[in-house]
Amino acid sequence: MSGLCSERVAIVTGAGRGLGRAHALALAAEGAKVVVNDLGVGLDGTGSGTGPAQLVVDEIVARGGQAVAHGGDIATTEGAASLIRVAVETYGRLDTLVNNAGFLRDRMLVNLGEDDWDAVMRVHLKGHFLPLKYAAAHWRAEAKAGRAPAARVVNTSSGAGLLGSVGQGNYSAAKAGIIGLTLVAAAEMGRYGVLVNAIAPAARTRMTEATFAETMAAPDTGFDAMAPENVSPLVVWLGSAASAGVTGRVFEAEGGRITVMEGWGPGPTADKGARWSPAGAGEAVLKLLAEARVPEPVYGAR
């Protein structure tokens, strides 16, 4: 390995399994000291246990790296604040935050309960906001003390957040919110040396291997395009000092493919210079739609 993250301290949330585990191992392989956070919950967010996080720590240590487990709930004030404290108190600094934790409670909208909506929004959106808030406060204090950091945040969105996904209204809304949060954080925190980006990964995890079983199945031979380890090199680079100047961006990562995603921008426009009538507005809209780019199909229905 190149030692791209040598001397850096990284936090990865939801790192006990799947993508988070792959990211933690990849960061450690490049020299980072890693705080491995995982609450140990099931696919739907129920239950708890620090076992998965400690197993990843043990893997890292067995390979000659340095890591410590954190089993707190990062969607709570105390859990998120303690996550940052563990990094700083254990290793003396914090350089990279990878927000990855999440789970699913899929339902069609007419069957989606309020509790299932709240739980998914909490773990994905609030679970990004709170660690980011406390990490940002730490880095701002460092910058004001004359110790300007080369800090990095990598948030985890999804194709569901970019394009929508049938049966995942709560998950899609949360993942879209993460993109908005990423853009705001990049704009606010750049002055303190903090760069913030997001990825929209496609990989085989507990959350995808059942929902998209055929697409996610591992091949008998050849390149396993859906292995979560394929996404981690981009995360490692974005989390390193080498990504200087890259902020406020969203990247789709799948197999060997990396795509810079381009968000909302003005399309065809009609300006009457006066108030439209309803019929006139409708006629204008139909003409504009005929000129506009056809939107991508809903994610999961492709």
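Predicted model: local features only at pLDDT ≥ 70, side-chain atom pairs only at ≥ 80, totals over all residues.
Local features need pLDDT of at least 70 and side-chain atom pairs count only at pLDDT 80 or more, while totals for chains, interfaces and linings use all residues.

**The sheet**

Let's start with the strands. Helices (H or I, at least four residues) and strands (E, at least two) are DSSP runs, numbered from the N terminus. Eight strands form an open sheet with mixed pairing, in the order β3-β2-β1-β4-β5-β6-β7-β8; two strands pair if DSSP finds at least two bridges between them. At the edges sit β3 (67-70) and β8 (257-261), each pairing on one side only. From one strand to the next, the twist averages 20°. Within the sheet, β5 (residues 151-156) and β6 (residues 194-202) run parallel and are joined by six bridges. One of the residues to look for is Thr156, whose bridge partner in β6 is Ile199.

Directions run N-to-C, angles go from 0 to 180 degrees, and axes are lines fitted to C-alpha atoms, for helices over the stretch in contact. Contact means heavy atoms within 4.5 Å.

| Helix | Strands touched | Angle of directions |
|---|---|---|
| α2 (residues 51-62) | β2 (33-37) and β3 | about 180° with β3 |
| α6 (residues 169-189) | β5, β6 and β7 (250-254) | about 160° with β6 |

**Helix against helix**

Now for α4, which packs with both α3 and α6. Helix α3 (residues 77-91) and helix α4 (residues 114-144) have axes 8 Å apart and pack at an angle of about 45°. That makes α3 oblique to α4; angles under 35 degrees count as roughly parallel, over 145 as roughly antiparallel, 65 to 115 as roughly perpendicular and the rest as oblique. In this contact, Thr77, Ala80, Ala81, Leu83, Ile84 and Val88 of α3 meet Leu130, Pro131, Tyr134, Ala135 and His138 of α4. These residues divide into nine nonpolar, two polar and no charged. Ala, Val, Leu, Ile, Met, Phe, Trp, Tyr, Cys and Pro count as nonpolar, Asp, Glu, Lys and Arg as charged, and the others, Gly among them, as polar.

The axes of α4 and α6 are 8 Å apart, at an angle of about 15°. The two helices are therefore roughly parallel to each other. Their contact includes Trp117, His124 and Phe129 of α4 and Tyr171, Lys175 and Met189 of α6. By class, the contact of α4 with α6 has 14 nonpolar, five polar and two charged residues.

Note on methods: Residues numbered from 1 in each chain as written. Heavy atoms only, no water.
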